[in-house]
Amino acid sequence: MNARNSFLLVVLCSLLTLTTRAQDPHPISGINMLKDSRWPSRPDGRTVIEVSWENPTSSDAQQRAWVRDAITNSWGKVANINFTGWGAATASSEGIRIRIDPTGHPHTKGLGTMLDGKPDGMVLNFDFLGDFKCRISKEDCIKFIAVHEFGHALGLAHEHNRADCLCNEDPQGSDGDFYVTPCDLASVMNYCNPKWSNHGRLSPNDVVGIQVIYGKPGGSAPAVTELKEIRFIPCTMDVTDKANTLRQLMSKSSAIRAASFTMETKPVPTKVADKFSVPVTIRYFADNDEAKANGLKKLLVAEGYDDDAINVENMVAVMGSTIPDYIEVWTKTDPVPTRTKFDEIRLIPCTAADREIVRLVRKVIDATPEYEVKAFSEEKNAVPQRAADRLPAPLTIRFFHPDDEGKAYGMKKLLALYGYPIDDIAVENMVPRMSKVYPSYLEIWHK
Ligand SMILES: [Zn+2]
């Protein structure tokens with residue numbers, strides 16, 4: 001049986017074993033975001049969200065002020081978000097509408113924009129008269145809870161729901177689809193945080209995460225990279241078509257706005273071209289352009305370019321007093337492909353029935369000349385059910401070493417190429433869970 005046929009069998013098996021949709025943790029990834037629920041930004045990059053109260057009375061003015069204060073000084077302070085209004089809701093109020101319920105469990109009826117204009121979209125409790133009790137000062141309870149619930153209102157799911165969080169709490173509510181930072185025990189959104197709701201204080205990763213999503217305070221819209229000029233420079237004339245492809249990709253992308261896209265038409269001295277070790281090099285010259293250059297790289301990776309085939313080069317240090325405000329994109333011929341080497345690949349069938357499938361996976365890898373594997377090992381002991389339940393997809397590739405991310409994604413591509421449904425394969429970044437020692441093997445789990 002050749003590898004391709006083997007995989008047809010794998011596809012059949014996976015159809016039989018398919019239970020849940022795979023989530024593919026974001027490779028750089030604790031914030032757990034539902035991407036489509038992000039509130040839109042205005043052209044200046046600011047996200048303005050109206051907040052109103054369904055049933056305010058004069059007797060709860062103090063409590064409402066605590067909520068407003070807690071939100072303005074947390075999410076509203078660290079990200080480019082402006083919560084406005086805070087008056088009584090009317091029938092046509094948009095944004096977040098809050099019901100004050102003295103006996104209810106605080107909650108939101110969805111994430112992010114799902115709450116837009118929804119009556120009673122958020123429920124807060126100021127008196128704790130029902131079975132939801134406050135065991136500390138009421139002011140603290142009200143503030144801590146508000147920070148958590150507004151996290152939901154910004155599109156954040158529970159951190160402990162994540163497939164990569166080692167937390168004994170049961171997942172609650174819907175999971176996100178964008179893990180912005182590594183699983184974060186200190187998040188205000190994590191039930192496993194020993195500090196309840198992190199005492200209303202955003203963790204460092206909460207801050208980073210919300211800034212990735214909504215931008216820094218006063219910053220411009222994070223989604224669009226604005227540039228004066230992007231210069232495309234083919235190192236030799238025979239790669240002009242490659243440079244043109246890059247130009248087309250970047251000029252048609254809605255994430256990039258450049259006043260001009262220019263192409264170098266003269267040959268480049270070999271000395272210069274030889275300096276580049278990868279097919280695409282993005283050079284920036286102004287300090288402020290670092291994020292833009294990395295944004296261009298992200299775009300190319302999203303388009304299917306190999307992460308390892310693109311370098312971002314910081315030219316700031318070699319510039320004198322003249323700092324150009326363009327970015328250069330250099331192209332050269334692909335270097336001779338190197339073989340991807342692994343010290344070890346561990347195959348872990350979650351049940352005896354999966355044994356056959358992991359063996360087929362091994363055959364495929366074995367049959368691929370680009371891979372060089374020193375050792376394969378197969379787990380023979382039964383896998384605890386909990387461990388199996390945590391896997392985000394029927395087939396999960398885990399890497400533990402920061403350098404192995406590209407290899408793990410390469411492996412995913414290979415298996416997809418052989419017919420394994422790509423949505424059934426997850427790559428799990430285990431690096432944040434390791435301390436100091438980063439094993440150099442890959443694990444391939446099957447359930
Ligand atoms: Zn919650």
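The pLDDT is the predictor's confidence in each residue, on a scale from 0 to 100. The model is a predicted one, and its chain averages a pLDDT of 82, with 89% of the residues scoring at least 70. Confidence is lowest in helix α1 (residues 3–17), where the mean is 35, and highest in strand β4 (residues 96–100), where it is 98. Over residues 1–29 the pLDDT is below 50, although this stretch has 62 contacts in the model beyond near neighbours in sequence. Where pLDDT is low, the predicted coordinates should not be read in detail.

The chain has 11 helices and 17 strands, and buried residues make up 37% of its 447 residues.

**The five-stranded sheet**

Five strands form an open sheet with mixed pairing, in the order β3-β2-β4-β6-β5. Strands β3 and β5 (107–108) stand at the edges with a single partner strand each, so one side of each is left without a neighbour in the sheet.

| Strands | Sense and bridges | Bridged residues |
|---|---|---|
| β2 and β3 | parallel, seven bridges | I49 and F83 |
| β2 and β4 | parallel, three bridges | W53 and I98 |
| β5 and β6 | antiparallel, two bridges | T108 and M122 |

Is F83 buried, exposed or partly exposed? A residue counts as buried if 20 or more other C-beta atoms lie within 10 Å of its own and as exposed if 12 or fewer do; F83 has 19 within 10 Å and is therefore partly exposed. Leaving aside neighbours within four places in sequence, F83 is in contact with I49, V51, I71, T72 and G76, and I49 is also the bridge partner of F83. F83 and T47 are 36 residues apart in sequence, whereas their C-alpha atoms are 8.5 Å apart in space.

**The nonpolar cores**

The largest nonpolar core has 40 residues, and those with the most contacts inside it are L124 and A146. The elements that give two or more residues to this core are β2 (47–53), α2 (61–72), β4, β6, α4, β7 (178–179) and α5 (204–214), and α4 gives the most, with eight residues. Apart from this core lies another, of 27 residues, which includes I357, I397, M411 and I444.

Not counting residues up to four places away in sequence, L124 touches V67, I98, I100, P106, I145, A146 and E149. Of these, A146 is itself named with L124 as having the most contacts inside the largest core, while I98 is the residue in β4 that is bridged to W53.

**Helix α4**

What end-to-end distance should helix α4 (residues 138–153) have? At 1.5 Å a residue, its 16 residues should span 22 Å, and the end C-alpha atoms are 22 Å apart, which agrees. After α4 comes G155, whose phi is positive, near 110°.

Methods: Residues numbered from 1 in each chain as written. Predicted model: local features only at pLDDT ≥ 70, side-chain atom pairs only at ≥ 80, totals over all residues. Contact = placed C-beta atoms within 7 Å. Helix = DSSP H or I, 4+ residues; strand = E, 2+ residues; numbered from the N terminus. Expected span 1.5 Å × (residues − 1). Pairing = 2+ DSSP bridges. Core = buried A, V, L, I, M, F, W, Y, C linked by C-beta atoms within 7 Å.
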